[in-house]
Amino acid sequence: MPKKKTVEPDITTEEKIKEAARKVFLQKGYAATRTRDIAEEAGLNLALLNYYFRSKEKLFEIVMMEKVQKLFGVLAPILNDNSTSLEKKIELAATNHIGMLMENPDLPLFVMSEIRNNPERFAGKIQAVKLIQESHFVKQLKEKRPDINPLHFVISLLGMVLFPFIAKPVLQEAGSLSVKGFQSMMEERKALVPIWMKALLKTR
């Protein structure tokens with residue numbers, strides 16, 4: 001009896017749709033995006049897009065979780081490295097995170113605005129805060145400064161890294177900062193943020 005053929009998915013078409021969705025969602029956000037926009041960006045008809053992804057919601061969820069992973073994923077291996085000191089972790093977290101964001105400058109604003117617009121959809125799926133709280137980094141921080149709430153310290157570190165990218169559109173629109181000026185400022189912050197955060201560790 002001949003074996004039943006297994007139909008392999010067309011990975012190229014599926015990835016083409018996801019790449020188009022990444023671009024359109026990042027430009028327009030979830031609410032303003034239509035599935036037709038994604039199909040047009042991918043150069044496909046709407047029926048084919050619906051064949052691979054049944055709804056805009058499903059496609060957005062895939063793209064959104066990719067973006068969240070990209071936004072916070074660079075920190076996990078640094079914060080959980082048992083072989084590095086607390087001070088070294090601060091340096092690596094700041095420089096590596098800023099470096100990744102300089103390559104993806106629209107990422108923080110997109111992720112934060114979409115989570116704000118629909119917190120119930122992602123609250124249970126985004127474990128970034130929990131992972132950070134249970135990290136080796138927080139254990140070291142508690143040992144060095146038991147008087148500091150680790151969450152305050154982590155929020156301060158993330159704020160120093162993320163906020164310039166969130167404020168970037170306003171700063172550039174107001175003429176306060178050019179594209180080149182922003183790049184230069186973020187390169188400077190790779191060195192400055194660790195200095196500021198280490199100073200907080202010494203403040204009593």
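Trainee: Over residues 34-53, how much of the chain is helix and how much is strand?
Mentor: It is 75% helix and 0% strand, and the end C-alpha atoms are 13 Å apart. Helices (H or I, at least four residues) and strands (E, at least two) are DSSP runs, numbered from the N terminus. Before we go on: this is a predicted model, where local features need pLDDT of at least 70, side-chain atom pairs count only at pLDDT 80 or more, and totals for chains, interfaces and linings use all residues. Residues are numbered from 1 along each chain as its sequence is written, and side-chain values use heavy atoms, with hydrogens and water left out.

Trainee: Which UniProt annotation covers residues 34-53?
Mentor: The unreviewed UniProt entry calls them "DNA-binding region". UniProt positions are given in the numbering used here, feature names are shortened, and annotations may be inferred rather than shown by experiment.

Trainee: New topic, rings. How many aromatic pairs are there?
Mentor: Seven aromatic pairs. Rings of Phe, Tyr and Trp (its six-membered ring) pair if their centres lie within 6.5 Å; planes under 30 degrees apart count as stacked, over 60 as edge-to-face and the rest as tilted. One of the pairs is phenylalanine 25 with phenylalanine 60, edge-to-face, at 4.9 Å centre to centre and 75° between the planes.

Trainee: Where do those two sit?
Mentor: Phenylalanine 25 is in helix 1 (residues 11-32) and phenylalanine 60 in helix 4 (residues 56-73). They are 35 residues apart, so the pair links distant parts of the chain.

Trainee: Why is the pair of phenylalanine 165 and phenylalanine 182 edge-to-face?
Mentor: Because the planes are at 80°, with the ring centres 5.3 Å apart. Phenylalanine 165 lies in helix 11 and phenylalanine 182 in helix 12 (residues 179-202), so the pair ties together parts 17 residues apart in sequence. Phenylalanine 165 is buried at 2% relative accessibility, and phenylalanine 182 is buried at 1%.

Trainee: And arginine 145, buried or exposed?
Mentor: Buried, with a relative accessible area of 4%. Arginine 145 is in the loop between helix 10 (136-144) and helix 11 (150-173).

Trainee: What does its side chain reach?
Mentor: The side chain of arginine 145 reaches the backbone oxygen of leucine 201, at 2.5 Å.

Methods
Buried means under 20% relative accessible area, exposed over 50%, partly exposed in between (1.4 Å probe, protein chains only). A polar contact is a pair of N or O atoms within 3.5 Å; within protein, one must be able to donate a hydrogen and the other to accept it, and residues adjacent in sequence count only if both atoms are side-chain atoms.
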